[in-house]
Amino acid sequence: MKATPENAALLHIRGLADRDAYSRALEIMRPTPENWQSFLRRALLLIAVVLFVAGVIFFFAFNWKDLPRLARLGLVQALFAVFIAGFFFSRGVIRGAAATGASLTVGAIFAVFGQIYQTGADSYQLFETWAICAFFIAVFSRFSGSWLIWLIVTNLAVYFYFEQMFAFGHDLPRWLSHSAICAIAWIWFEFQHMRKLEISPHPWLADTAMLGMIAISSLGATLRVFDSGTDPDASHTIPVFLFLSTVAFAASFFYLKRLFGIAVVLGGRILFLTSVIAKNHNTSADFLALAFFLIIQTTLAILFLRYAARRLQS
């Protein structure tokens, strides 16, 4: 097992290291300049892959009329083959970047194919098929970037499904679907990380899924506060948000011992409480009182985060 803060936290959670040992391990394993350089290399490589695929897509869009049919489909398939070859014949971060590029290129292949042959498929069907392929690439590659692509594409598929199949209403199923996808992904990523660290997604991916869960559910609850809407069942988005935020807070504070999750939940609660109070207040004095209330909430959240940080490290 590698000496990383995540592994030290795992040992502490399992009761194999007491609080003193856990605190000393965190002090020893502070990021070094070499660690930051490695992180920047990985991040810049992934950004380069995403920008490269985006450049290819814009190239097709700009030169679409001038390209023959064979060139349209052949170039994007050749790019996919290059990424697959890079995945099988490389190691380390280059292998993961190739898997991420392959996940992105799959979507481009389906889009180009649909435009050439005019299949008549809806947008959500494109993203649905793309999400299925991205899922198998992520499972096979075991790389965090591929899992992130899958999570984003899956949520886009759900979004376009409700936009195209249900013009009005159905707010509750829409927000529930997005929140459920992020919640399942969060639990799955945490489970993989706890079960077998050497092949599991990185901890930041679980934090990203949890952030998506809280952000989507809090946005649905906030919009419900300001807009009565056409779907009477949409009022259930508020208890859904309160339940998910409570579960995320309890898991982050008592079990995972992760300060990021606590901060995300507090931010979502502040957004929701502020929207509830601001709904029926429109005067200048009301907005001034709301500003003071927001400052008080933020101050209390910061004080609690400082307390949580001391408790989690003690």
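Leu-46 is partly exposed, at a relative accessible area of 22%. Here buried means under 20% relative accessible area, exposed means over 50%, and partly exposed lies in between (1.4 Å probe, protein chains only). Leu-46 belongs to helix H3. The structure is a predicted model, in which local features need pLDDT of at least 70, side-chain atom pairs count only at pLDDT 80 or more, and totals for chains, interfaces and linings use all residues. Residues are numbered from 1 along each chain as its sequence is written, and side-chain values use heavy atoms, with hydrogens and water left out.

Leu-46 touches Ala-97, Thr-100 and Phe-143, residues up to four places away in sequence not being counted. Contact means heavy atoms within 4.5 Å. The C-alpha atoms of Leu-46 and Gly-145 are 7.8 Å apart, although 99 residues separate the two in sequence. Ile-57 counts as partly exposed, at 42% relative accessibility. Its C-alpha atom is 9.3 Å from that of Val-112, which is 55 residues away along the chain.

The protein as a whole has 12 helices and 0 strands. Helices (H or I, at least four residues) and strands (E, at least two) are DSSP runs, numbered from the N terminus. Along the sequence the pattern reads α-α-α-α-α-α-α-α-α-α-α-α. The protein has 314 residues, of which 39% count as buried. Among contacts with a separation of 6 or more, 67% join residues 24 or more positions apart.

Helix packing comes next. Two packed helices are described by the angle between their axes and the distance between the axes. Axes are lines fitted to C-alpha atoms, for helices over the stretch in contact, and angles run from 0 to 180 degrees between N-to-C directions.

Helix H4 (residues 69-88) packs on H5 at an angle of about 160 degrees, with the axes 8 Å apart. The two are therefore roughly antiparallel. Angles over 145 degrees count as roughly antiparallel, those under 35 as roughly parallel, 65 to 115 as roughly perpendicular and the rest as oblique. H4 and H5 make a left-handed crossing. A crossing is left-handed if the near helix is turned anticlockwise from the far one by less than a right angle, and right-handed if clockwise. The contact of H4 with H5 holds 18 nonpolar, 4 polar and 3 charged residues. In this division Ala, Val, Leu, Ile, Met, Phe, Trp, Tyr, Cys and Pro count as nonpolar, Asp, Glu, Lys and Arg as charged, and the others, Gly among them, as polar.

Thr-105 lies in H5. Thr-105 counts as buried, at 1% relative accessibility. A polar atom of its side chain lies 2.6 Å from the backbone oxygen of Gly-101. Beyond four places in sequence, Thr-105 touches Val-53, Val-76, Leu-79, Phe-80 and Phe-83.

H5 (residues 92-117) also meets helix H7 (residues 144-165); their axes come within 7 Å and cross at roughly 20 degrees. That makes H5 roughly parallel to H7. The crossing is right-handed. From H5, Ala-99, Thr-100, Ser-103 and Leu-104 meet Gly-145, Ser-146 and Ile-149 of H7. This contact has 3 nonpolar, 4 polar and no charged residues.

H7 packs with helix H6 (residues 123-141) as well; the axes come within 8 Å and cross at roughly 160 degrees. That makes H6 roughly antiparallel to H7. H6 passes H7 in a left-handed crossing. Residues of H6 in the contact include Tyr-124, Phe-127, Trp-130 and Phe-135, and those of H7 include Trp-147, Trp-150, Phe-160 and Tyr-161. By class, the contact has 17 nonpolar, 5 polar and 1 charged residues.

Arg-142 sits in the loop between H6 and H7. Its phi is near 55 degrees, a positive value in a residue other than glycine. Most residues other than glycine have a negative phi.

Arg-174 is buried, with a relative accessible area of 12%. Its side chain makes a polar contact with the side chain of Glu-163, at 3.2 Å. A polar contact is a pair of N or O atoms within 3.5 Å; within protein, one must be able to donate a hydrogen and the other to accept it, and residues adjacent in sequence count only if both atoms are side-chain atoms.
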